[in-house]
Amino acid sequence: MTPEQQAKLRDLPSITELLEAAQARDWSGAFSPARLTHALRLAVARARRDIVSGNLETPVTVAALVDAAHVALEAAACLGLRPVVNATGIVLHTGLGRAPLADAAVDALVQVADGYANVELELDSGQRGKRTDRVAELLVELTGAEAATVVNNNAAATLLVLNELAQGKSAIISRGQLIEIGGSYRMPDVMDKSGALMHEVGTTNRTRLSDYEAVIDESAALLVLVHTSNYKVVGFTHSVPLADLVELGHRRGIRVYHDLGSGALVDLSPWGLHDEPYAAESIRIGADVVTFSGDKLLGGPQCGLIVGRAEIISRLQTNALARTFRVDKLTLAALEATLRLHLDPGKAISSVPVLRMLTESPEAVAARAASLQNGLAALLPGEHFEIVKDVTFAGGGSLPTVQVPTTTVRWRPTTMPAHQTAERLRQVSPPVIVRLQDDAIAFDLRTLTEGDVPVVMRAVTQVLGPSKDPP
Ligand SMILES: *Cc1c(COP(=O)(O)O)cnc(C)c1O
């Protein structure tokens, strides 16, 4: 590199300096600090690349880089798929893309998106490697399994496992676990598509170990345990714990598959979020293969994680379906970064947005609600904004019975019905998605960050603007 290039690189301002300058602009309220920061990082990265490739005309002033970030943010706002503000309180909102990624995951994703990456190349040997090797290593460390692999989502993982281990043979499952996740994902249909012969046992509310044992014959290939992640059967119930199924499976030479659904990797019970099984626990108990989602309680990109016995994982990887479920470099990059954060549970809780939102203290949520209410009341004295203690849910088919305490700012607009206001809030930039409750708008602070508060205030004033001040 020439001395001129080096000097030019040294002239690049810091992100902190750029962020301060961006925040002083009157458009900055439309974008959260996190989005501003990412846009600025991208602008700096682009300038750095230009300089390295010999373009010394590249402007490196604060003003030029902030302008470039603004242009990129505005362009993103015109796309059909664009960032929205989630004021619904539902942390894993499938309609809003489930888990927002951790900063480290976004950075990893952007870096590989921008050019080529060693997806199937081992840099040390120059040999061809498996694209899932790096994340598999982390999953093995995090769960204690012998081996691991990754596919596009947990639905694909389920289909792949059933197809590989039970095609043309029987897969035994309790009638209490024939779940529907939504849309077209229903366990009996997935079984059917996989080619496995579903053998239901027990009843909706009670299934015993002897029910499974009674139907085991030479066609039996798999004992299937599905975590009923999005509903709960309560009252006169009995289901067979994994440990008993494992004992039965091993005694009769039949494999045990545990579909965890969410599959948290961090123990969330200290925060009252009970009843989510952990992959590491299922492996320890002896499940032969375990699957779970990447974008539920793990807080990563959409994908399906499969951990278990090495022999099973390697069979899954050579199954013809595996190619149709293959993850791309963007998923791999974001997943690897997210899994790295999970190596330190404390770090995962503080830096993975889903975990941070679910574990944040009710007091901190209430404090943000007070700041939103004060801000709105000051801007719009004619409107009434009320603080309401409420509960919300994890969403995304996780923790269906766990009520997460939250605080909302409730608003019954004076000039138009709440549903119409909600519609207008979806049309500002960035769109604000709210909860409608008792003919009122509820802004739920559980899913709103501090940076979102001024954005919501701006959206509300925009929505009321024209109809508020008649001549
Ligand atoms: C969510 C879920 C699935 C589907 O997972 P996706 O990653 O959304 O495809 C399958 N099984 C259970 C038990 C689930 O909760």
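In the predicted model, a polar side-chain atom of Asp 259 lies 2.8 Å from a nitrogen atom of the ligand. The ligand is surrounded by 14 residues, of which Ala 155, Ser 229, Asp 259, Ser 293 and Lys 296 are the closest. By residue class, this shell divides into five nonpolar, six polar and three charged residues. At least two residues of the shell are supplied by each of α7 (154-166) and β8 (255-261).

Ser 262 is found in the loop between β8 and α11 (279-285). With a relative accessible area of 0%, Ser 262 is buried, because the limit for that class is under 20%. The side chain of Ser 262 forms a polar contact of 2.3 Å with the side chain of Ser 398. Neighbours within four places in sequence aside, the contacts of Ser 262 are Glu 276, Phe 292, Ser 293, Lys 296, Leu 297, Gly 397 and Ser 398. Two residues of this list, Ser 293 and Lys 296, are also among the residues closest to the ligand. Within the chain, Ser 262 and Tyr 278 are 16 residues apart, and their C-alpha atoms are separated by 8.8 Å.

Arg 98 is placed in the loop between β1 (85-87) and α5 (103-113). Its relative accessibility is 18%, so Arg 98 counts as buried under the 20% limit. Two polar contacts involve the side chain of Arg 98: one of 3.3 Å with the side chain of Thr 94, and one of 3.0 Å with the side chain of Asp 295. Apart from neighbours within four places in sequence, Arg 98 is in contact with Val 91, Leu 92, His 93, Ser 293, Asp 295, Lys 296 and Gly 396. The backbone of Arg 98 has a phi near 55°, a positive value in a residue other than glycine.

A positive phi is also found at Asp 438, where the angle is near 45°; this residue, too, is other than glycine. Asp 438 lies in the loop between β13 and β14 (440-444). At 56% relative accessibility, Asp 438 counts as exposed, because the limit for that class is over 50%. The loop between α18 (418-425) and β13 (432-437) contains Pro 430. The peptide bond joining Ser 429 and Pro 430 is cis, with omega at about -5°.

Asp 217 is found in the loop between α9 (209-214) and β7 (220-226). This residue counts as partly exposed, with a relative accessibility of 38%. A polar atom of the Asp 217 side chain lies 2.9 Å from the backbone nitrogen of Ser 219. Asp 217 and Arg 252 are 35 residues apart in sequence, and their C-alpha atoms are 9.5 Å apart in space.

At the level of the whole protein chain, 19 helices and 14 strands are present. The radius of gyration is 25 Å, close to the 23 Å that the globule rule gives for 471 residues, so the chain is as compact as a globular protein of that length. Along the principal axes, the C-alpha trace spans about 80 × 65 × 35 Å. Of the 471 residues, 49% count as buried. The protein chain exposes about 21500 Å², and carbon and sulfur atoms supply 53% of this area. Among contacts in the protein chain with a separation of 6 or more, 75% are accounted for by residues 24 or more positions apart.

Key
Residues are numbered from 1 along each chain as its sequence is written. This is a predicted model: local features need pLDDT of at least 70, side-chain atom pairs count only at pLDDT 80 or more; totals for chains, interfaces and linings use all residues. Side-chain values use heavy atoms; hydrogens and water are left out. Helices (H or I, at least four residues) and strands (E, at least two) are DSSP runs, numbered from the N terminus. Buried means under 20% relative accessible area, exposed over 50%, partly exposed in between (1.4 Å probe, protein chains only). A polar contact is a pair of N or O atoms within 3.5 Å; within protein, one must be able to donate a hydrogen and the other to accept it, and residues adjacent in sequence count only if both atoms are side-chain atoms. Contact means heavy atoms within 4.5 Å. A residue is near a molecule or strand if one of its heavy atoms lies within 4 Å of it. Ala, Val, Leu, Ile, Met, Phe, Trp, Tyr, Cys and Pro count as nonpolar, Asp, Glu, Lys and Arg as charged, and the others, Gly among them, as polar. The radius of gyration is taken over C-alpha atoms; the globule rule is 2.2 Å times the number of residues to the power 0.38. Accessible areas come from the Shrake-Rupley method with a 1.4 Å probe; for residues, only the protein chains shown count as cover.
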